[in-house]
Amino acid sequence: MSPFPRPDYEALTRYTPDRRPVGIDLSDNTNLWGTHPAALERIRSAGPNDLARYPDLYADRLREAVAHHFGVAVDCVTTGCGSDDVLDSAFRAAGGDSATISFAAPTFSMVEPLARMNGMEVRPTSWPDALDDPGLLLAGAPSVVYVCRPNNPTGEQAPDEWLDELLARVGGDGPLVILDEAYADFAEETRLPTAPDHPRLLVARTASKAYGLAGLRTGFAVACAEVALEVEKSRGPYKVTRLGTDAAAAAVLDEDGWMAGVVRSTIENRRRLSRELDARGYAPLSSRSNFLLFRSLTGAAREDALRLRARDVAVRPFSGIPGMGDGLRVTVGPWSMMEAFLTALDEEIAALEVRS
Ligand code: PMP
């Protein structure tokens, strides 16, 4: 009899972050200014054919919008049901059973489960060690190297020279380097337009953050045409809905500059919130993203997050952050939300002083 599930699935669980309803949700780095107006307009214009008929096989309108906006060939673009799906498809195409994936930890929490779902072995290197020597990510000849830039949950940006060195060492026949640029809009720096120049680089993007389309589940990636084709094959047809394709295409083109405005406000509020945390003795890590990570109030981030949630504000707890230990990640949004967060934080700090 064949075992079910396959033995390496036993360690996998459903993803269960704390998603209970809360007044101010600063826990998932989505766009707190809302959604791209051009995308919303497309959804509002929906007619029966948008739903009754199948969408494009491979989301061509979105591929064309990405190609046009970033100046790459359409053949170099692939898409997915969220960038989680792009990562999943790329892992399957590049790795598969008993392949290895390496990354600098801590990083995006879905990488490990997605790799395990694909039967891959996971090989984390510590973030500070990997930053000292990018060659550590290549030790043991992995099939995939995952780099998140800016990194989730720390917000830090691996330097340009570091990335160049990693890519030079990978060369034309090394592992596939997946550069996850989910938050690159907020860093105002991207490798996406030059991804096709490297034979082993795939740059992944999401429409869930700066474009404000997390509910639509769309993502895309750019690589040389050969790599993009393999990921398309692994992804399969009909992964992105017709409305998702069109709405994300409108957001990517950003003809009215809405997204650019959100990025400007995020960067301004990120600086302001960083100063506020600093003034309270909780200086966050230096972030190029739409979130800040700062040390836990008590050393037990999960409990801190639960207490802040009781004050109607959700942040995301983390543990094992190098040089920090437990930390709390807070999404940057409109200043009224940041004020609500700071009020809850101040109340919690005061309550802790009473308790101790
Ligand atoms: N990469 C990173 C670094 C992320 O933080 C996220 C979402 N939290 C994703 C990818 C996945 O985004 P999507 O909603 O497009 O699946």
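## Close-up views of the cavity, the pocket and the ligand

**View 1. Strand β5 is the element that gives the most to the lining of the largest cavity, with three residues.** The model is predicted: local features need pLDDT of at least 70, side-chain atom pairs count only at pLDDT 80 or more, and totals for chains, interfaces and linings use all residues. Residues are numbered from 1 along each chain as its sequence is written, and side-chain values use heavy atoms, with hydrogens and water left out. Strands (E, at least two residues) and helices (H or I, at least four) are DSSP runs numbered from the N terminus. A cavity is a set of points, on a 1 Å grid over the protein atoms alone, where a 1.4 Å probe fits but cannot get out; lining residues have an atom within 4 Å of a point. The largest cavity has a volume of about 40 Å³, a volume being the space filled by probe spheres set on points joined across faces, edges and corners. Its lining consists of Ala104, Thr107, Trp127, Leu137, Tyr146, Val147, Cys148, Asn151 and Trp162.

**View 2. The largest pocket is lined by 47 residues.** A pocket is an open set of grid points with protein on both sides within 12 Å along at least five of seven lines. The space in the largest pocket is about 1500 Å³. Nearest its centre lie Tyr15, Phe108, Ser109, Met110 and Arg316. Helix α5 (111–117) is among the elements that each supply at least two lining residues, as are β3 (100–105) and β11 (316–321); α5 gives the most, with five.

**View 3. The ligand sits in the largest pocket.** Around the ligand are 14 residues, counted as near if one of their heavy atoms lies within 4 Å of it. The closest are Ser83, Asp180, Tyr183, Thr206 and Ser208. Both α4 (83–94) and β5 (144–148) supply at least two residues of this shell.

Terms used:
A molecule sits in a cavity or pocket if more than half of its atoms lie within 2 Å of its grid points.
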